[in-house]
Amino acid sequence: MSGHQMPKTHYLNDGHGLKSWLLTFDHKRIGLLYLLGVSFFFLLGSAFAMMVRLELLTPGGDLMSADTYNHMFTMHGIFMVFFFLIPAIPGVLGNFALPIMIGAKDVAFPKLNLLSWYVFMTGGMFTMYGLFIGGVDTGWTFYPPYSSLYSTSAVLPVGLGVFINGFASILTGVNFMVTVHRMRAPGMTWFRLPLFVWGQYATSLVMVLGTPVVAITLVLLVLERVFQFGFFDAAKGGDPVLFQHLFWFYSHPAVYIMILPSMAVISELIAAFARKRIFGYHAVAFSSIGIAVLGFLVWGHHMYVSGQSVYAGVVFSLLTMLVAIPSAIKVFNWTFTLYKGAVALEMPLLYAMGFLGLFTIGGLTGVFLATLGFDVHVHDTYFVVAHFHYVMVGGTIMGYLGGLHYWWPKMTGRLYSTFWGKTSGWLVFVGFNLTFFPQFLLGIQGMPRRYHAYPEEWQVLNVLSSAGASVLGVGLILPVLYFLWSLRWGKVAGPNPWGARGLEWETSSPPPTLNFDQPPIVEHEAYDYLSPRPATPATPSDSH
Amino acid sequence: MSFKLPFFPEQASSLAGEVDALTLWLVGMSAFFTLLIAVLVVVFALRYRRRTPDQVGARFDESALLEITWTVIPLVIVLFTFAWGAKVYFRLYRPPAGAVEYGITGKQWMWKVQHPTGQREINELHLPVGQATRLTMTSEDVIHSFFVPAFRVKADVIPGRYTTMWFKPTKPGRYRLFCTEYCGTEHSRMIGWVVVQEPEEYQRWLASVPVVETLAQQGRKIYERLGCEECHAAGSELAPSLAGLFGRDVQLANGTTVRADETYLRESILDPDAKLVAGYDAAMSSYRGQAGEEELLALIGYLKSLPAATAAVGDGSELR
C-alpha cells in the first residue's frame, strides 16, 4: 500500500521547459496539452451556461438583453460541442492511453498528433477572436437564412474556427486508425484488444468520414454569407433546408463521436472494478462499429417538421430506432459484467454506474424523439435540450470524468483524495439530474428552446433547473482542485493502484517516455483476471 | 373527451389524446427499463462487493441466449413504437378533405393571419371549435416554426415555399402559440394565441372585424392589378388556363407531371421558367417583388376559388 516510489525518469520529467512541451511528439504529453485545451474551453462553455441559467431564473428577460442572451446560448453550444465534447476523450484519454494499451511506444504519426493539437488550438483561437468581437447569435446549428443573410454577428471567424478545428478531428482519427492497424504489440490480435481501443477505432471512422461534410457545409455557409452565392437562398433558387441536410449529415454522427469514446471508457472501468472480463466482448466490440455505421443513416430525425416529406420522416424514424439497439446491447452487457464480479466501489466505477443510469435515460429519450408522432410535439422544445444533455453530460462527461479518475494515477503517478472525489461525484450526479430532469417536463409542456423570456407558469421548473446547475457547477470545479492538489501532495500510486489488467498497468506510473522498459508480448485475452497477475517492472509484485 | 394529465398541456385538438397516449407508452416503457438497469446495477454492485483485496470476478462473460434476448426484445419494442409513432404522424400531417384554409405569414417577429373570409389578425388566430383547419404558411425572412402545444402539432415556416399543417380544435379556450425555430433577437416574443370559440361567438367575432372582401376577392384584385388576364384568359393560346387548375396534375415540358398545389402556384408566379408547362413558350416574366407573401396567399386563394372550365383544356391534363 504505502511504499511506492515515483520512477526516477518518466515522461513528465524527461525534458523540461516550454519548448519540450510545445514541440513534444510524445502522445502522453500531447494528451496533457489536450487536457489543458479542453479544460479551458469547458470552463468558457460553462460560464455561458451559467449566464443562460441565471437569466432563466425569472420569466422576464430582465438580466440581459435578448440579443446578449442569444449570444450566450450560442457560444455555450459552440464551445461545448466543438471544443470540448468532440475532442476531449479522444484527445486526452485516447492519446494518453491507446498506444500503451496496445503495447506501442507511440501513435503511428507522432508529428501529426502534435499538429492536430495545434490545429485544435488554432480553431479555438479563431473562435475566441470571434467571441471577442461580439460572438455569434445563430445557435450552434447556424441555420440559414438567419446565419447567412440576417445575423450581424461574428459568423465568419467562428465558422472558420469550427472549420479549422474539424481538421484536428480528422488527423486524430487517421492517426488512431493506423496506429491500431499497424502498431499492436506481438500477440495483440484484434479480439484481444481492450474494448476502449475498439471504441476509439469506431470513433475514428466517424471522425474521418463525417467531419469533411461539416467542413464543406461551413465553407458553403461562408460563401453564402460573403458572396451571396445563394445555395440556401430561396430567392436565388437555393434551399434553406439543404443546409439542414448537410449540417445534420455530420452533426448526427458527431454525437456518436461524443458518446462512443465515453462508452469505450466505461468498458475499461467496469472490467477493472469488477475484475471481470466484459460480458459479451464481441457483442460490445461489434456494437461500437454498428453504432458508427448506422449513425450515418439517421440525420433526418432532426428534420421531421422541417417541411420534408412524411415518407422521409418514416425512413429516418425506422433507422433511428435501429441505432438504439447496439447501445441497448452495450448497456445490458455492462450491467451483467457486474454479476458475479469482485466489485470495488472506487471513484471510477461510481462514474461508470452514474453513466449506466443517466445514459439509459438519455438513450431512451432518444427513442422518444425518434418516435414521429411524439417528436412533432416536442421538437425544438426543452425536451430535446434535456435529452441531449442527458447523453452528453450524463453520458460523455461521466465517461470522461470516470476515465480521468481511472488513469490519473497512471498519468501523474499520484492518487487523489477519495473523499473529495466521492463528494464531487455526488454533487455532479444530483446537480445534473436537478438541472435537466425538469427540462423534460418543460418540453412536454411546450416550452420552446432558445427562449430568453417565457410564460410565468414555467418559472418553478426553471428555478429548479438553475438551482441544479449551481450544484453541478460546484461538483465540476472540485476535481480541478483535488487533481491539482494531488500533483504535489497525493500519495504515490505505483504501477497498478487498482489491481487492474491491461498493458498500461504493466508499466510504471508515470510511464517512461517510450511507454515500456521492454516491449510487451501479449499472451492473454483482454481483461484476463483469472490468470495470475503479471509482475510489473521496477516494483516487486504486491497485493493491492 | 379531453383531460389534462399532470405536466401535459390541455388536450385541445382531435389528435392530442393520441399523442398523449403514445407519450404515456414511451414514458412507461422507459421508466421500466431505467428502473430495471438502475436496480440491477446497484444490486449487482452491492451483492458482489469485493471481499478480499485480491479477489477477482467469476468466469461468466458470455451467453448467446442473453445476447439474443436483449437484442430481440428491445428490437420488437422499438419497432412497435416506430409503427405507432408513424401512424400518428400520418394523421398529424394529412388534413381531412374539407379543412378550412388559412394563410399564415411569419416574419421577424410576428405572425400574420389571413382568414378565408378576409379577416386579418396579428399574433392571434380565432377559430370556431370543431372546424378542421389547415394552415398554409410561409416566411418573409428566416425559418420560423408555428407551434401550439395544446394541439400537439407544429411545422417549420420557411421562406420561399409553403409548408402546411392542420388540426381540429375540440375545446373552446385560449391556447398559446409560439415560434419555435430560433429566428433572431425577438424569437421569444414571437408568440400569440389561438382563440377557439363556440360557433356563435366566432360569428360575432368575425362580424366585429372590419373586412370588405374575402381572401379570394382580395386575390382577384391582385390578379387584375398584375394583369394576369392578358395571357391567362380562358381560351388563350399564350398561357394555360387557370380555371380549376388548383389540385390538378400538370404536364410539364420536360415530360414530368406535377400537382398544382400552393407551392407550385407560388413558384410559377415568382419563377415561371422553373416548371414550364408542356405546349407553351417560356414567355412569362417573373412577378417577384410585385407581390408580397400575403398578397401571394390572397392571389392563390383566388385561384383556388376558380371553378374548373367546362371546355377541354389544350394541354391534356385531367380535370379533377
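Predicted model: local features only at pLDDT ≥ 70, side-chain atom pairs only at ≥ 80, totals over all residues.
Local features need pLDDT of at least 70 and side-chain atom pairs pLDDT 80 or more, while totals for chains, interfaces and linings use all residues. Residues are numbered from 1 along each chain, chains are lettered from A, and side-chain values leave out hydrogens and water.

**Exercise 1.** Check the span of helix H10 (residues 281-294) of chain A, and find which of its residues are buried.

Step 1. Helices are DSSP runs (H or I, at least four residues), numbered from the N terminus. The expected span is 1.5 Å times one less than the number of residues. For the 14 residues of H10(A) this gives 20 Å, and the end C-alpha atoms are 20 Å apart, which agrees.

Step 2. Buried (under 20% relative accessible area, 1.4 Å probe, protein chains only) applies to Tyr281(A), Val284(A), Ala285(A), Ser287(A), Ser288(A), Ile291(A) and Ala292(A).

Step 3. These buried residues fall within an arc of 160° seen down the axis of H10(A), so they line one face of the helix. The arc uses directions from the helix axis to the C-beta atoms.

**Exercise 2.** Describe the lining of the largest cavity.

Step 1. A cavity is a set of points on a 1 Å grid over the protein atoms alone where a 1.4 Å probe fits but cannot get out; lining residues have an atom within 4 Å of a point.

Step 2. There are 5 cavities of 30 Å³ or more, and the largest holds about 80 Å³.

Step 3. Its lining includes Tyr34(A), Phe82(A), Asn165(A) and Met207(A). H7(A) gives the largest share, 4 residues.

Step 4. The lining divides into 8 nonpolar, 4 polar and no charged residues, with Gly counted as polar.

Methods
Helix = DSSP H or I, 4+ residues; strand = E, 2+ residues; numbered from the N terminus. Buried < 20%, exposed > 50% of the residue type's maximum accessible area, 1.4 Å probe, protein only. 1 Å grid on protein atoms, 1.4 Å probe; cavity = no way out; pocket = protein on both sides within 12 Å on 5 of 7 lines; lining within 4 Å. Points joined across faces, edges and corners; volume = space filled by probe spheres on them.
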